[in-house]
Amino acid sequence: MSLKDQINTGQLPKHIAIIMDGNGRWAKQHGQHRVFGHKNGVTAVRESAEAAAELGVSYLTLYAFSTENWNRPKIEVNALMQLLLQTINNEISTLNKNNIRLNAIGDLDSLPAINRKHLMKAIEETKHNDRMTLTLALSYSSRWEIVQAVKKLADKIVKGECTPEMVDAQCIEGLLNTGGMPDPELLIRTSGEFRISNFMLWQIAYSELYFTNTLWPDFRKEDLYAAIVDYQHRERRFGKTSEQINIVKDQK
Ligand code: IPE
Ligand code: IPE
Ligand code: MG
C-alpha cells in the first residue's frame with residue numbers, strides 16, 4: 001500500500017507546522033553556495049502545500065525566516081528577502097488556483113518595505129480562498145511573539161479592558177499572532193536537527209514532533225505523507241492514561 005493510501009483522512013491533523021531546515025547543507029552537498037539551497041527549497045514549499053491541501057489539511061504553517069536569521073551574513077539575508085519577494089509574486093496564481101489563502105506571522109514591520117507591500121497584496125488577493133490557510137512565519141520567533149502578547153495584555157489592563165483575574169489561556173492565545181488558528185497537532189523538522197529554534201513555543205505544547213533527516217530542498221509529498229502516517233500511529237494522551245484513552249475509543 002502506498003504511503004498516501006495508509007493515511008486515514010478522517011483523522012488528519014487540522015494544522016501542520018514545519019521547520020524547513022537544511023537548505024545550506026543541501027547546497028554544500030551539491031557544491032554550491034547556500035543561496036542555491038534556498039532557491040531549491042521553493043519546490044519543497046510548493047509540494048508540501050499542494051499535498052496538504054489535497055489531503056484536506058486546513059492549516060499549514062512554514063517557518064521561513066526567524067528573528068535570529070537576521071544575524072546571518074548580509075548577502076544571504078538579502079538573497080533570502082529577494083527570493084521571498086519573487087516566490088510570493090510567482091505563486092499568487094497557483095495559490096488562487098488551489099484555493100489556498102496566504103497568511104503571515106512574525107515581525108512583518110522588520111521586513112523590507114517592498115516585501116511587506118507584496119506580501120500584503122498576496123494576502124489580500126487570496127483572502128477569500130478557503131480550502132487551506134498557508135501561513136509563512138517571517139521574521140518570526142516565539143519569544144518575540146510572546147513579548148508582543150504580554151505588551152498588548154498590559155495595555156488592555158492599563159486601559160481597563162481586562163483585569164488580572166480575567167487573564168486565562170484563551171485570552172493569551174488570542175493575543176498571539178496565531179490567534180484564531182488551532183494549535184498544530186503535528187510539527188515536522190527537516191535536516192536531522194532535534195530542536196525547536198524559537199518556533200511556536202506556546203502553540204506546540206501538545207504537538208506531536210516528527211524529525212526527519214531529509215534536507216528541506218529534498219522534501220516531497222511522500223515525505224509529508226510519511227510524517228502524517230507516523231503521527232496517526234501515535235497515542236495522544238494529553239496527560240491521561242492509555243487506559244482512559246482506550247475506554248473513550250471503545251465507547252465510540
Ligand atoms: C533553512 O535552511 C532556511 C532558513 C533558516 C532560512 P538553513 O539555511 O538553515 O540550512 P542549514 O541548516 O544551514 O543547512
Ligand atoms: C530555524 O532554522 C529557522 C527556520 C527554519 C526559518 P535555523 O537553521 O535558523 O535554526 P538553528 O540556528 O539551526 O537552530
Ligand atoms: Mg539551519
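Reply: Start with what counts as being around a ligand: a residue is near a molecule if one of its heavy atoms lies within 4 Å of it. Keep in mind that this is a predicted model.

Me: Which residues are around ligand 2?

Reply: The shell holds Ile19, Met20, Asp21, Tyr63, Ala64, Phe65, Ser66, Asn69, Arg72, Arg189, Arg195 and Ser197. Sorted by class, five of these residues are nonpolar, three polar and four charged.

Me: Which strand gives the most to the shell around ligand 2?

Reply: That is strand S2, residues 59-66, with four residues.

Me: Which side chains have a polar atom by an oxygen atom of ligand 2, and at what distance?

Reply: A polar contact is a pair of N or O atoms within 3.5 Å. For serine 197, a polar side-chain atom lies 2.6 Å from an oxygen atom of ligand 2. For aspartate 21 the distance is 3.2 Å, and for arginine 189 it is 3.3 Å. Ligand 2 taken alone exposes 390 Å², of which the protein buries 78%.

Me: Where does ligand 2 sit?

Reply: In the largest pocket.

Me: What are the residues around ligand 1?

Reply: They are Met20, Asp21, Gly22, Asn23, Gly24, Arg25, Arg34, His38, Ala64, Asn69, Arg72 and Leu80. This shell divides into three nonpolar, five polar and four charged residues.

Me: Which contacts does ligand 1 make through its oxygen atoms?

Reply: In aspartate 21, a side-chain N or O atom is 2.8 Å from an oxygen atom of ligand 1. The backbone takes part at glycine 24, where an N or O atom lies 2.9 Å from a ligand 1 oxygen, and at asparagine 23, where the distance is 3.1 Å. On its own, ligand 1 exposes 380 Å², and the protein buries 86% of that.

Me: Which elements give two or more residues to the shell around ligand 1?

Reply: Helix H2 (23-29) and helix H3 (34-55) do. H2 gives the most, with three residues.

Me: How many helices and strands does the protein chain have?

Reply: Nine helices and six strands. The chain is as compact as a globular protein of its length, because its radius of gyration, 19 Å, is close to the 18 Å that the globule rule gives for 252 residues. Along its principal axes, the C-alpha trace spans about 60 × 55 × 35 Å.

How values were computed
Residues are numbered from 1 along each chain as its sequence is written. Chains are lettered from A and ligands numbered from 1 in the order in which they are written. This is a predicted model: local features need pLDDT of at least 70, side-chain atom pairs count only at pLDDT 80 or more; totals for chains, interfaces and linings use all residues. Side-chain values use heavy atoms; hydrogens and water are left out. A polar contact is a pair of N or O atoms within 3.5 Å; within protein, one must be able to donate a hydrogen and the other to accept it, and residues adjacent in sequence count only if both atoms are side-chain atoms. Accessible areas come from the Shrake-Rupley method with a 1.4 Å probe; for residues, only the protein chains shown count as cover. On a 1 Å grid over the protein atoms alone, a cavity is a set of points where a 1.4 Å probe fits but cannot get out, and a pocket is an open set with protein on both sides within 12 Å along at least five of seven lines; lining residues have an atom within 4 Å of a point. A molecule sits in a cavity or pocket if more than half of its atoms lie within 2 Å of its grid points. Ala, Val, Leu, Ile, Met, Phe, Trp, Tyr, Cys and Pro count as nonpolar, Asp, Glu, Lys and Arg as charged, and the others, Gly among them, as polar. The radius of gyration is taken over C-alpha atoms; the globule rule is 2.2 Å times the number of residues to the power 0.38.
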